[in-house]
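Please keep the sequence and the model in view while reading.

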Amino acid sequence: MAPPGDLREWIALLERDGELVRTQTEVDPYLEVTEIVDRTVRSGGPALLFENPKGSQHPLLVNQFGTERRMCLALGVDRLDDAAEKLESVLEMQPPQGLAEKVKGLKKLKSIADSMPKTVRSGPSQEIVLQDDDVNLDLLPIQHCWPGDPAPFITLPAVITRDPKTGTRNVGMYRMQKLDSRSTAMHWQLHKDGRMDYLATDGRLDVSVALGLDPVTTYSASAPLPKHIDELMLAGFLKGEPVELVKCKTNSLEVPANAEIVLEGYVEQGDLTLEGPFGDHTGYYSAAEPFPVFHVTAMTMRADAIYPSIVVGKPPAEDAWLGKATERIFLPAIRMSVPEIVDYDLPVAGAFHNCVIVSIRKSFPGQAQKVMHAIWGLGLLSLTKSVVVVDEHVNVHDYAEVFFRVTANVDPKRDVMLSEGPLDHLDHAPTRQFYGGKIGIDATHKGVDEGTREWPAEIVMSDEIRSLVDRRWDEYGIAEGAEDGNGQTRRSLRQLLRR
């Protein structure tokens, strides 16, 4: 199953699979849409295409990624781990030992080469071109999401820049507060690559913003890639075909040819505005701070362009499944750096940076603490505030089981480690912005070489009796049985998110 080629194909797929509802009722992008979407997301409801948003002729698409099934449909996989396995096969490439291995290696290298974006002469994203005084952001149904927001915000953009020194392209997802009909703020946080490009320029930095992309490319804009890896290359790899780009009309950048809407423009050093507050994925309003002003020099778009949006707020929200896709897809890369890691989970309620649960193959004393430090030094995981480490047989996605291990296996004096380091830009809890305390909890089994008494045996039924009961279950006349052979009711992530 190939991922959709553009937003129109994606909407058609969602509609065929009963995953999208169109509504022609007039709805107001000022707060009303947010309340509709929040209720829909929390009930596991469909993607929503508002065909008559108040004040705009452009339909508004929201909640396209709001369930696990839709996230899998977006990536063209049956399970999110399938996308991870594709990436893992490349990361684990070793020097080939024979002819067959050489052929496999060449195929993998060709797959990487075929993933690089390619430039085309024209594309649907430039069917309509508005420049200079014709630029008008008021044409778009930009959402005013929460009562405390000072203005409407663009929330699902692919913001494209180039490093002024290396020429490396960056594609990131940064919120954009509408200032007037021809400018927005650009929320480049302290640890983001877009901010690095901005700080590296001596004057003007070209910026383009693509809205309404195929779902894989939209996802890739949110992915926490190292600065030297092109997000559009990742999109091409996950799609199985390159992202096609067209040259912008008024700046030096290239943008996806299949975009619904493109905003071209620039930012300049020293040209800042007060941005925020904004109701964010932390569940709180982020504070108002100075950020660069994005000046729009051109709007290009498809005829009858569709405007995409996403609502973030108290978890769970639609971005939960973008985060879960990242969790799964980047597991192989994390294992490459920390090979004893078996699995990990970023709880949605932890707003991505507040908590990581990780299971490990433990083979020496202090290994849990070693893993904690490794996570606190690993890319954007370095911003994690709390790390919980459990043994390899523990299901990190079963929060009840993890909590059992934390309460059963932890001596707070011995197993809780306090540290400090960098924290997420939006974390309001630390006294000092960007920096504060961290906590690590070692909930693994301990051995005598870690200074404990002899560790007791864990209660487990024999395989023989479990198999016997499995075979005879229907004979007992009990309507509802345990969901697994351990007698534990496993709650799916979907059930947990709906709470």
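Of the contacts in the protein with a separation of 6 or more, 70% are accounted for by residues 24 or more positions apart; a contact means heavy atoms within 4.5 Å. The model is predicted, so local features need pLDDT of at least 70 and side-chain atom pairs count only at pLDDT 80 or more, whereas totals for chains, interfaces and linings use all residues. Residues are numbered from 1 along each chain as its sequence is written, and side-chain values use heavy atoms, with hydrogens and water left out.

**Overall form**

The secondary structure comprises 15 helices and 24 strands. Helices (H or I, at least four residues) and strands (E, at least two) are DSSP runs, numbered from the N terminus. The C-alpha trace spans about 75 × 60 × 55 Å along its principal axes.

Buried residues make up 52% of the 499 residues. Buried means under 20% relative accessible area, exposed over 50%, and partly exposed in between (1.4 Å probe, protein chains only).

**Core and its surroundings**

A nonpolar core is a set of buried Ala, Val, Leu, Ile, Met, Phe, Trp, Tyr and Cys residues joined through side-chain atoms within 4.5 Å. The largest one has 70 residues, of which Met-71, Leu-75, Tyr-219, Ile-329 and Val-358 touch the most other members. Another core, of 36 residues, lies apart from it and includes Val-159 and Tyr-198. Leaving aside neighbours within four places in sequence, Met-71 is in contact with Phe-65, Leu-80, Tyr-219, Trp-321, Leu-322 and Ala-325.

Cys-72 belongs to helix H3 (residues 68-75). Is Cys-72 buried or exposed? Cys-72 is buried, because its relative accessible area is 6%. Beyond its neighbours within four places in sequence, Cys-72 is in contact with Val-77, Asp-78, Arg-79 and Leu-80.

Thr-297 is found in strand S18 (residues 289-301). With a relative accessible area of 19%, Thr-297 also counts as buried.

**Charged pairs**

Side chains of opposite charge can pair when their charged atoms come close. A salt bridge is a side-chain nitrogen of Lys or Arg within 4 Å of a carboxyl oxygen of Asp or Glu. The count by this rule is 39 salt bridges. Three of them are listed below.

| Pair | N to O separation |
|---|---|
| Arg-22 and Glu-51 | 2.6 Å |
| Asp-214 and Lys-239 | 3.4 Å |
| Lys-324 and Glu-327 | 2.7 Å |

Arg-22 lies in strand S1 (residues 20-23) and Glu-51 in the loop between strand S2 (47-50) and strand S3 (60-62), so the pair ties together parts that are 29 residues apart in sequence. Arg-22 is partly exposed, at 39% relative accessibility, and Glu-51 is partly exposed at 27%.

Asp-214 and Lys-239 are both buried. Lys-324 and Glu-327 lie in helix H9 (residues 319-329), three residues apart, about one turn of the helix. Both Lys-324 and Glu-327 are buried. They also belong to a network of salt bridges whose members include Arg-79, Asp-82 and Asp-345.
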